Amino acid sequence: MTSCAIVGGGLAGFTVHATLRHGGLATGEIAVFGDNPDPAAVWQRRAASIRQREMRSESDGHCYPTSFPGLAAREALRRRTPGPVLRSVCDRYRPSVDEFLAHVERLREHSGWDESFHRARIERIRAVPGGFELEGHGVFRHVLVAPGHPGLARPFELADDPRAVHAYEPHPYAARVAVVGAGMAAATEWRNALETGSTVASVRRREPERRPLNLPRPLFTRRGLAGFHATPPAERVEMLTRLSKPSYPPGQSWDEPLERARREGRFAVAGAPSDADQIICATGFRRGFGHDRLLARLVNEHGVDTAGRWIVLAPDSTVPALTDERRTLALAGAPAQWAFPAADTLVGMKFAAHAFLRRVSRCPTR
Ligand SMILES: Cc1cc2nc3c(=O)[nH]c(=O)nc-3n(C[C@H](O)[C@H](O)[C@H](O)COP(=O)(O)OP(=O)(O)OC[C@H]3O[C@@H](n4cnc5c(N)ncnc54)[C@H](O)[C@@H]3O)c2cc1C
């Protein structure tokens with residue numbers, strides 16, 4: 001029996017693989033199942049669609065198995081300048097997308113990712129004595145599922161509108177653009193379209209919050225997480241729902257171009273897209289395990305505990321009913337929010353990866 005399987009070959013699966021390798025597992029002891037051998041492919045397409053040039057995450061937003069040294073220290077060493085580290089100390093360091101992608105490429109080679117990778121889609125996970133059967137691919141003692149978001153969310157009323165395109169799909173900008181949404185992708189698209197000379201209508205249901213990271217900083221700390229884990233289920237559902245509201249970072253580089261465009265009559269908040277030539281849906285992803293076939297099946301067939309749209313997880317990101325000292329079923333990435341509210345960040349992926357490694361290492365029959 002191969003010891004570990006990772007279902008999903010995106011950045012979360014990649015981070016988990018690197019962590020297991022760092023923990024002493026050989027490439028042959030880990031099977032990764034995914035659609036694309038390039039772990040950054042899905043992310044890169046989305047980031048390129050909104051012309052993202054800098055990461056939203058900071059120095060610790062990487063896939064290496066240990067947090068330190070982060071991207072700031074590595075860039076400082078490579079460029080022989082303290083600048084990145086000094087900016088990082090004041091939470092002002094944002095690695096460029098190119099810097100991040102180069103790091104993924106280096107780690108891909110170094111970790112032996114391609115030796116563990118199998119191009120296959122897993123349709124069903126079945127608990128069997130001592131492990132889990134991944135339909136058609138064998139039985140594994142420890143399985144971590146990292147399938148990413150279950151598809152893009154599009155406003156129902158725009159489903160048949162030929163002017164509509166999702167922000168995370170490649171697109172140019174028309175002369176009169178309406179951007180639906182008010183989070184990070186929307187804010188990036190306001191700037192992009194204005195830079196190309198378009199007039200922009202921002203269609204939003206609520207005012208966005210302004211936060212440097214996509215969740216409040218305390219939720220990335222041990223203490224903040226302990227408080228989150230102590231929150232009763234109903235309150236936790238309410239909290240996660242609240243935290244999923246749109247936000248983008250504060251700062252002049254965001255505000256100044258909008259202010260200028262507003263004065264020029266090229267930027268306004270609107271109630272509807274009305275006369276726009278193009279409607280960019282910066283409306284993010286579908287939400288909840290129910291939209292993911294594999295997870296929905298796992299829940300239905302094994303009576304896995306859920307709350308609202310979330311799968312209930314132990315604080316270490318494992319599914320309690322299917323995990324004991326001899327086998328592990330864990331989640332990482334967006335579906336793991338019950339254990340780590342910022343699960344869909346590189347820091348959150350590392351949290352799930354380390355917890356999984358601890359489980360695997362403790363198992364008497366790895
Ligand atoms: C535009 C954008 C910018 C972002 N910027 C940052 C940032 O700066 N910092 C940060 O920390 N985070 C950022 N994020 C968040 C996060 O890093 C990304 O969402 C990341 O892509 C999530 O990785 P993932 O592996 O969970 O999912 P994905 O990248 O979606 O990968 C999941 C993979 O699993 C495969 N898969 C799914 N189901 C199955 C199955 N049943 N069998 C086999 N394979 C399957 C999918 O095909 C896919 O290849 C950003 C997200 C977006 C969209």
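Residues are numbered from 1 along each chain as its sequence is written. Because the model is predicted, local features were considered only at pLDDT of at least 70 and side-chain atom pairs only at pLDDT 80 or more, whereas totals for chains, interfaces and linings use all residues.

The secondary structure of the chain comprises 12 helices and 17 strands, these being DSSP runs numbered from the N terminus (helices, H or I, at least four residues; strands, E, at least two). Along its principal axes the C-alpha trace spans about 70 × 50 × 40 Å. The radius of gyration of the chain is 21 Å, which agrees with the value near 21 Å that a compact globule of 366 residues would have; this radius is taken over C-alpha atoms, and the globule rule is 2.2 Å times the number of residues to the power 0.38. Of the 366 residues, 42% count as buried, where a residue is buried if 20 or more other C-beta atoms lie within 10 Å of its own, exposed if 12 or fewer, and partly exposed in between, with C-beta atoms placed from the backbone. Among contacts with a separation of 6 or more, 71% are made by residues 24 or more positions apart, a contact requiring C-beta atoms, placed from the backbone, within 7 Å.

The chain is divided into domain 1 (4-151 + 286-362) and domain 2 (156-208 + 246-281), with bounds that come from an automatic or database domain assignment. The C-alpha centres of the two domains lie 31 Å apart, and 6 residues of domain 1 are in contact with 10 residues of domain 2. On the side of domain 1 that touches domain 2, the residues divide into 1 nonpolar, 2 polar and 3 charged (nonpolar: Ala, Val, Leu, Ile, Met, Phe, Trp, Tyr, Cys and Pro; charged: Asp, Glu, Lys and Arg; polar: the others, Gly among them).

Not counting residues up to four places away in sequence, Val16 touches Ile6, Leu144, Ala146, Ala332, Ala352, Ala353 and Phe356.

Around the ligand there are 34 residues, of which Gly8, Gly10, Ser57, Gly148 and Gly333 come nearest; a residue is near the molecule if its C-beta atom, placed from the backbone, lies within 6 Å of it. Helix H1 (11-22), strand S2 (30-34) and helix H2 (41-49) are the elements that give two or more residues to this shell, with H2 giving the most, 4 residues. By class, the shell has 16 nonpolar, 13 polar and 5 charged residues.

Several local features fall in the loop between H2 and helix H3 (71-79), where Cys63 has its place. Cys63 counts as buried, with 24 C-beta neighbours inside 10 Å, and its C-alpha lies 7.4 Å from that of Leu11, 52 residues apart in sequence. Pro69, in the loop between H2 and H3, is joined to Phe68 by a cis peptide bond with omega about -5 degrees. Arg51, also found in the loop between H2 and H3, has a positive phi near 55 degrees and counts as partly exposed, with 14 C-beta neighbours inside 10 Å.

Technical notes:
Contact = placed C-beta atoms within 7 Å.
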